[in-house]
Amino acid sequence: MEGQRVEVDGGIMEGGGQILRVSTALSCLLGLPLHVQKIRAGRSTPGLRPQHLSGLEMVRDLCDGHLEGAEIGSTEITFTPEKIRGGVHTADTKTAGSVCLLMQVSMPCVLFAASPSELRLKGGTNAEMAPQIDYTVMVFKPIVEKFGFKFNCDIKMRGYYPKGGGEVIVRMSPVKQLDPINLTDRGSVTKIYGRAFVAGVLPLKVAKDMAAAAVRCIRKEIRDLYVSIQSVQESRDQAFGNGSGIIIVAETSTGCLFAGSSLGKRGVNADKVGIEAAEMLLANLRHGGTVDEYLQDQLIIFMALANGISRIKTGPVTLHTQTAIHFAEQLAKAKFTVKKSEEEEDASKDTYIIECEGIGMANPHL
């Protein structure tokens, strides 16, 4: 068996946790023994961090696999997957490590399990350097469900940097195969809505200031749409610790969704946080793609597994997306092409079509 281990260089391209997430998920799905070295080699704290470790352990548990070298600071792991099983699985980062990233690594796997799954994910729900749980629910969920599956995401407790303490329960049933998607028609923006929040000791005024600043910023560029951002004080029994932030979503006539978000930090003016989220949303609306820059890379693994040809139109292709494509080609043998969009309306923009001939992964248990 040793001879067939797939060798992955964790230091190339994006060079971080994402390589680990994509390669271990594909290893688990395809039953490929995996050897990853130089994990996060170029990072300021090289090797596995707590959130990477909990993701790896979760995938190991999902498929009763065997994992070696999995400890904090380790730059090398070997993973031998077995059969993916459903049921209840728990992953706890013990820190503000992102539950959304745990979901990214585990969701493709449990789609091909033998029975329905319940994933209990603990850590940060609204954390830096990762999607916020609100993004996962408002943007990722409705789009990824176009691949022909449904999942339920129950936010039990919100958790913030640095303590974490959040908990999300994801429930889903397995599928026989994934349908390909075609997201190439952007349509026109029909609504913009959002949520500004404070939790813990922070006053509601902070959320209101974020929301107001965001609305002002959007109005400068988009004058004819009502922008509805609610300001909320998270209830004490559903939020652990202190935090604040905002997410704003734009929806189009063809059902495309784009977002901009930002988290409050100590010493940063609330207006600035609101404006940062608004500017991120506006930037994602300018490029003419059908997905924002954060959804791009999250769709690649599903495109690779789907039964048929998928197409998505994007703005500039991110390093995360290039990395996901590289490993989906190396491990799953899916075929991707990325080319500049040739439509007239995109001529002046940096717009691309990512096309993938998926491998038509079939669930052996169904």
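This note goes through a predicted model of one protein chain, from its overall form to single residues.

1. Overall form. The chain has 8 helices and 17 strands. Its radius of gyration is 20 Å, close to the 21 Å that the globule rule gives for 366 residues, so the chain is as compact as a globular protein of that length. Along the principal axes, the C-alpha atoms fill a box of roughly 60 × 50 × 40 Å.

2. Burial, surface and contacts. Of the 366 residues, 56% are buried. The accessible surface comes to about 15,200 Å², and carbon and sulfur atoms account for 50% of that area. Among contacts between residues at least 6 apart in sequence, 75% join residues at least 24 apart.

3. The sheet with E1 to E4. Four strands form an open sheet with the order E1-E2-E4-E3 and mixed pairing. Strand E1 (6-9) and strand E3 (66-68) are at the edges with a single partner strand each, so one side of each has no neighbour in the sheet. From one strand to the next the twist averages 15°. E1 is parallel to strand E2 (residues 34-37), with 4 bridges between them; in this pair, Val6 stands opposite Leu34 of E2.

4. Helix H8 lies across E1 and E2, at about 165° to E1.

5. The sheet with E9 and E15 to E17. A further open sheet of 4 strands has the order E9-E15-E17-E16, again with mixed pairing. Its edge strands are E9 (182-183) and E16 (335-340), each of which pairs on one side only. E9 and strand E15 (residues 309-314) are joined in the parallel sense by 2 bridges, and Asn182 has Arg311 in E15 as its bridge partner.

6. Helix H8 (residues 319-332) lies across E16 and E17 and runs at about 150° to E16. As H8 also lies across E1 and E2, this helix has a place in the description of both sheets.

7. The E13-E14 hairpin. Strand E13 (residues 243-252) runs antiparallel to E14, and 7 bridges join the two. Ala250 stands opposite Phe258 in E14. The hairpin has 4 residues between its strands, and Gly255 takes a positive phi near 85°.

8. Burial of E14. In strand E14 (residues 257-263), 7 of the 7 residues are buried. Leu257, Ala259, Ser261 and Leu263 point one way, while Phe258, Gly260 and Ser262 point the other way; burial applies to both groups.

9. Thr252. This residue is in strand E13 and is buried, with a relative accessible area of 3%. Apart from neighbours within four places in sequence, Thr252 is in contact with Arg186, Gly187, Ser188, Val189, Thr190 and Phe258.

10. Helix H4. Helix H4 (residues 133-144) has 9 of its 12 residues buried, so the rest of the structure largely encloses it. Asp292. This residue is in the loop between helix H6 (270-286) and H7. Its relative accessibility is 0%, so Asp292 counts as buried. Leaving aside neighbours within four places in sequence, Asp292 is in contact with Tyr135, Val139, Leu257, Phe258, Ala259 and Asn284. The C-alpha atom of Asp292 is separated by 10 Å from that of Val317, 25 residues away along the chain.

11. Cysteines. The whole structure has 0 disulfides. For Cys256, the closest cysteine sulfur is that of Cys356, 19 Å away and therefore too far for a bond. Cys256 counts as buried at 3% relative accessibility, and Cys217 counts as buried at 11%.

Note on methods: Residues numbered from 1 in each chain as written. Predicted model: local features only at pLDDT ≥ 70, side-chain atom pairs only at ≥ 80, totals over all residues. Heavy atoms only, no water. Pairing = 2+ DSSP bridges. Contact = heavy atoms within 4.5 Å. Axes fitted to C-alpha atoms, helices over the stretch in contact; angles between N-to-C directions. Buried < 20%, exposed > 50% of the residue type's maximum accessible area, 1.4 Å probe, protein only. Rg over C-alpha atoms; globule rule 2.2 N^0.38 Å. Areas by Shrake-Rupley, 256 points an atom, 1.4 Å probe, with all protein chains shown as cover. Disulfide = S-S within 2.5 Å.
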